[in-house]
Amino acid sequence: HSFPTRRSSDLLLDWRAELGRFQRFGLLGFAAYALAVARRHHWRALPRAGAFVMLIALALRVAVLPVTPTLSDDVHRYAWEGKVLAHGMNPWRYAPDAPELAPLRDEVQAQVNHPSLRAIYPPLAELGFALVARISYTLIAFKLWVILHDLALCAVLAWWCARRGGSAWDALVYAWNPLVIAEYAGSAHHDPTAILWCVVALAWLERRPLMAAGSMLAAVMVKWAALPAWPFVLRDQPSPRLRLGAMLALLLALAGYVALTHGQDSGLEAFVMTWRHNDALFGPVAALLGESRARLLVSAALAGLTLALLLRRVETVAATRLLFRAGLLLSPVVHPWYLGWVLALEPLSPSWPWLVLSCTVGLAYGVGAPPIEAGAFHPSAWTRAFEYGLPALVAILLWLVDLRRRNRVRDVA
């Protein structure tokens with residue numbers, strides 16, 4: 001086994017123990033990244049844009065490949081559940097601390113978070129974990145699994161941006177983002193293994209709608225965060241028969257997933273019903289109505305927004321972007337790596353407030369120093385006010401500048 005519990009080398013930064021230094025380096029990285037985003041239009045005439053974007057994306061991910069994840073221990077659950085499934089056992093039936101799994105226990109299982117909860121991840125995610133565990137039950141193998149998907153996503157974005165009339169340079173908005181690199185190549189969060197199929201589906205939808213539906217189904221079965229895009233993928237199917245078939249496939253897949261995760265010690269039910277961390281707009285709503293009613297209200301708000309977008313025939317990519325953003329702002333749980341779902345669509349037309357949030361969301365881990373208490377850090381209301389308030393301020397300033405520009409144009413006319 002090769003799942004180190006400490007940093008791999010004294011030359012490498014322990015991101016949790018040296019959080020202040022990590023955040024300062026992140027701020028410098030974001031400044032360089034912001035300059036690249038702002039200057040990318042001046043590089044359009046340069047040849048081999050896609051190759052250059054990919055080369056830098058690869059170098060940035062390789063640079064953090066040796067880092068041992070300390071800000072999050074999710075990769076240990078991936079590895080443990082992959083091992084359980086690879087040995088023919090059922091991670092949706094047995095929690096990591098279940099006595100039935102005693103013969104498989106190792107140092108990885110000892111580091112799994114919430115060991116009393118059964119698997120939360122959908123079947124395709126778990127099959128991926130099992131494949132990696134079967135090939136190489138090591139930290140580096142799981143990180144490479146994520147990085148390969150993430151690099152494939154960068155390549156798809158470069159191709160898609162160019163095909164939509166933009167430039168492959170636009171893909172750097174995602175590919176070079178410091179948060180993306182830290183959370184996926186550094187901490188090994190597996191979101192790119194789902195985001196890749198979501199973006200492929202959106203890119204395919206106009207020309208290959210049936211393949212797009214299959215790709216989006218794969219995305220949901222890796223991580224159900226892709227669900228908001230589904231109503232629009234269904235709407236855009238070219239015939240009622242295909243629409244019905246895609247809907248039945250989704251319902252069967254979701255029914256199977258819920259059946260696997262339902263019941264006592266369900267990780268999915270614990271997440272949906274009780275977990276809360278680093279929330280934005282959910283906090284004020286919960287303060288007014290209580291958490292249970294707030295969860296119902298934000299779910300109803302997202303459902304209502306989805307219906308409104310469908311009725312207004314809003315284009316699928318635009319609707320998906322809006323729902324991903326709204327879902328993140330209304331969610332009771334906002335881990336930094338969740339922002340990757342929003343950032344993956346930012347190359348199409350970058351929004352500076354959301355890019356700024358990709359910098360400030362790192363405060364969810366602590367403010368300049370690691371938390372004294374063991375376990376996860378829960379940012380204070382003041383910390384969250386700055387984390388979300390600074391991007392909101394940027395949005396207001398940009399709106400005022402745009403309003404002033406439009407007024408000048410109208411006065412001249």
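Student: Let's start with the second largest pocket. What is its volume?

Tutor: Remember that we're looking at a predicted model here. The lining of this pocket takes in 33 residues, and the closest to its centre are F22, F25, G26, L27 and P178. The second largest pocket itself has a volume of about 940 Å³.

Student: Which helix gives the largest share of that lining?

Tutor: Four helices each supply at least two residues of the lining: α1 (19–39), α2 (49–64), α7 (178–186) and α17 (352–360). The largest share is 10 residues, and the helix they come from is α1.

Student: And how many of the lining residues of the second largest pocket are nonpolar?

Tutor: Let's take the other groups before that one. The charged residues number 2 and the polar ones 7. That leaves the nonpolar group of the lining, which has 24.

Student: Now N278. Is N278 buried or exposed?

Tutor: N278 sits in the loop between α12 (267–273) and α13 (282–289). Its relative accessibility is 4%, and the cut-off for buried is under 20%. So N278 counts as buried.

Student: Which residue has its backbone oxygen 3.0 Å from a polar atom of the N278 side chain?

Tutor: Look at what N278 touches once you leave aside neighbours within four places in sequence. Those contacts are V334, V361, A364, P379, R384, E387 and Y388. The backbone oxygen at 3.0 Å from a polar atom of the N278 side chain belongs to V334.

Student: On to the rings. What kind of aromatic pair do Y121 and F129 form?

Tutor: The count of aromatic pairs comes to 12. For Y121 and F129, the centres are 5.6 Å apart and the planes make an angle of 90 degrees. Planes over 60 degrees apart get the label we want, so this pair is edge-to-face.

Student: Are Y121 and F129 buried or exposed?

Tutor: Y121 has a relative accessible area of 11%, and F129 has 1%. Both values fall under the 20% cut-off, so Y121 and F129 are buried.

Note on methods
Residues are numbered from 1 along each chain as its sequence is written. This is a predicted model: local features need pLDDT of at least 70, side-chain atom pairs count only at pLDDT 80 or more; totals for chains, interfaces and linings use all residues. Side-chain values use heavy atoms; hydrogens and water are left out. On a 1 Å grid over the protein atoms alone, a cavity is a set of points where a 1.4 Å probe fits but cannot get out, and a pocket is an open set with protein on both sides within 12 Å along at least five of seven lines; lining residues have an atom within 4 Å of a point. Grid points are joined across faces, edges and corners, and a volume is the space filled by probe spheres set on the points. Ala, Val, Leu, Ile, Met, Phe, Trp, Tyr, Cys and Pro count as nonpolar, Asp, Glu, Lys and Arg as charged, and the others, Gly among them, as polar. Buried means under 20% relative accessible area, exposed over 50%, partly exposed in between (1.4 Å probe, protein chains only). A polar contact is a pair of N or O atoms within 3.5 Å; within protein, one must be able to donate a hydrogen and the other to accept it, and residues adjacent in sequence count only if both atoms are side-chain atoms. Contact means heavy atoms within 4.5 Å. Rings of Phe, Tyr and Trp (its six-membered ring) pair if their centres lie within 6.5 Å; planes under 30 degrees apart count as stacked, over 60 as edge-to-face and the rest as tilted.
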